Amino acid sequence: MVNTRGGLLAKYKRIWLTLALPFLWLPMIVGALQAPPSEPDGSELHWPHSTAEWLVLPRSVDGWLQARFGFRETLLDINARLRFALRSPTTDRVVFGRDGWLFLSDDAVFQQSMGLRMRVPLVTQLADVALDLEHELKARGAALVIAVPPNSQSINREAVPDWAQAGAVRTEYDVFAEAVRARGIPFADLRALLRDERTREQVYLRTDTHWNNHGALLSYNAVMRAAGKAAWQVDPARVETGFQAVPGGDLARMLGMDKHVSDRQMVLDLGSYKPAPYTEKVLDDREVMPSYVLASDDPKASGPIVMVIGDSFTRTHFRDLIMLHAKRLIWTHHNQCAFDWGLVETYKPDLVILAPTERYALCAPGRSPKNMPESADKKNLEEQAARNRTVVP
C-alpha cells in the first residue's frame with residue numbers, strides 16, 4: 001500500500017537516504033578528483049580526434065573509471081598486504097618459499113630445477129649453435145666462453161616449498177654443461193660455485209628472480225677464469241662494502257608488496273680499480289632489454305672488445321666489471337637462441353660470453369640465430385631447429 005501521507009518513503013527513511021547518498025558517492029567523487037595513480041595503465045582520457053580513437057573510447061573510459069573509482073589503489077594495497085600475510089599470492093607467477101623467500105613459477109622453473117623437465121633436443125641444439133659460433137670466432141683469433149646463471153630454485157634449495165624439495169637429480173643444466181664440455185668449449189659452472197657460496201653467504205635476492213651483487217661478482221670472476229682472463233677478476237674484499245636494505249624486487253612487485261618488504265643487497269664500490277668513463281649507445285632492436293654498446297671515452301683505449309649474449313642476469317651486473325678492462329662492450333639478448341649473429345660480424349669481438357639463464361639455456365622450438373653467415377653450419381642448424389618445432393617446451 002502506498003503511503004499517501006509521505007509518498008513512497010516515510011519521512012524518516014527519506015532523511016536517512018539523504019544522509020547516506022553523499023557517503024555512497026564519496027569514493028567516486030574523491031577518486032575522480034585525486035591525482036592519477038602512479039601507473040595509470042591507460043587511464044588518461046582526451047577528446048577523440050579520429051575514428052580509431054572513437055572506437056576505443058568506451059574501453060578508455062572503462063580504464064579511467066577503474067583507475068580512479070573509490071580508493072582503488074588503497075583497496076588493492078590492502079588486499080595485497082592481507083594476501084601476503086596469509087601466504088596467498090595474488091598471482092600464480094609467484095610461489096611462497098620458506099623463511100621469506102619468493103620464487104618465480106613461470107616457464108615450469110620448479111619442474112626444471114627438480115629434473116622433471118628434460119628437453120634434450122632443444123638443449124643440444126644450443127650446444128651445437130655454440131660450437132659453430134666458436135668455430136667462427138676461432139677463425140679470427142677470438143674466443144667463446146659459456147656460463148649459465150642458475151634458477152634461484154637450483155641454488156636456494158632449502159628455501160623452496162616442501163613439494164619442490166629434490167635431492168641430487170639430473171637436470172637440463174647437467175645436459176647442457178655436458179654437451180658444451182663434450183664440444184670442447186670453456187664452461188664456467190656457476191651452479192656449483194653458487195651452491196657452495198650459499199652455505200656461507202646469500203647470493204640471490206629473496207624477493208627477486210635474480211642473484212644479488214655478491215653472487216653476480218663471484219659469477220663474473222668464474223667466467224673470467226674460464227675465459228683465461230684471471231687478471232680481469234675483481235677482488236670482493238676490495239669492492240664489497242657490506243649489505244644494505246633495498247626495496248622488494250620483481251617478485252614482490254608482482255604481488256604488489258615491493259613497497260612493504262625489503263631485501264638484502266651487497267654494495268659494490270669499484271673506486272679502487274679506477275674505472276674509466278664510457279658512453280652508451282642503445283640499439284633499436286628490441287622493446288624489452290634492447291642491445292647496447294658501451295665504448296670507453298678514452299680514444300687511446302687499447303683493451304679488447306667483449307660481447308655478452310645473455311639476459312637480465314648479465315645486462316646490468318657485468319657491464320661495469322667488464323669495462324674495467326675492455327674498450328668496448330656489446331650486450332645483446334640471447335632470445336632463446338634467436339640472437340642476432342650479425343652483431344658478431346659487425347663488432348668483431350675478441351671475447352664472446354654466451355650466458356643464457358638456466359630456464360632459457362636452450363633453443364626455443366623452431367628458433368636459430370638470425371643473420372648467420374653462410375660459412376657457418378647454417379643449413380644444419382636451421383634443419384635442426386625445424387625438427388625441434390615439434391618438441392614440447
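What percentage of the 393 residues in the protein is buried? Buried residues, those under 20% relative accessible area with a 1.4 Å probe and protein chains only, make up 46%.

Before you click around: this is a predicted model, where local features need pLDDT of at least 70 and side-chain atom pairs count only at pLDDT 80 or more, while totals for chains, interfaces and linings use all residues. Residues are numbered from 1 along each chain as its sequence is written, and side-chain values use heavy atoms, without hydrogens and water.

**The whole protein.** Switch to a cartoon view to see 15 helices and eleven strands; these are DSSP runs (helices H or I, at least four residues; strands E, at least two), numbered from the N terminus.

**Strand β11.** Now select residues 351-354. Both faces of this strand are covered, with L351 and I353 buried on one side and V352 and L354 buried on the other. Look for I309 opposite L354.

**Helix α7.** Finally, select residues 172-182 and zoom in on E172. E172 counts as buried because its relative accessible area is 5%. Its side chain makes a polar contact with the side chain of Q112 at 2.7 Å (a pair of N or O atoms within 3.5 Å, one able to donate a hydrogen and the other to accept it; residues adjacent in sequence count only if both atoms are side-chain atoms).

Technical notes
Buried means under 20% relative accessible area, exposed over 50%, partly exposed in between (1.4 Å probe, protein chains only). Two strands pair if DSSP finds at least two bridges between them.
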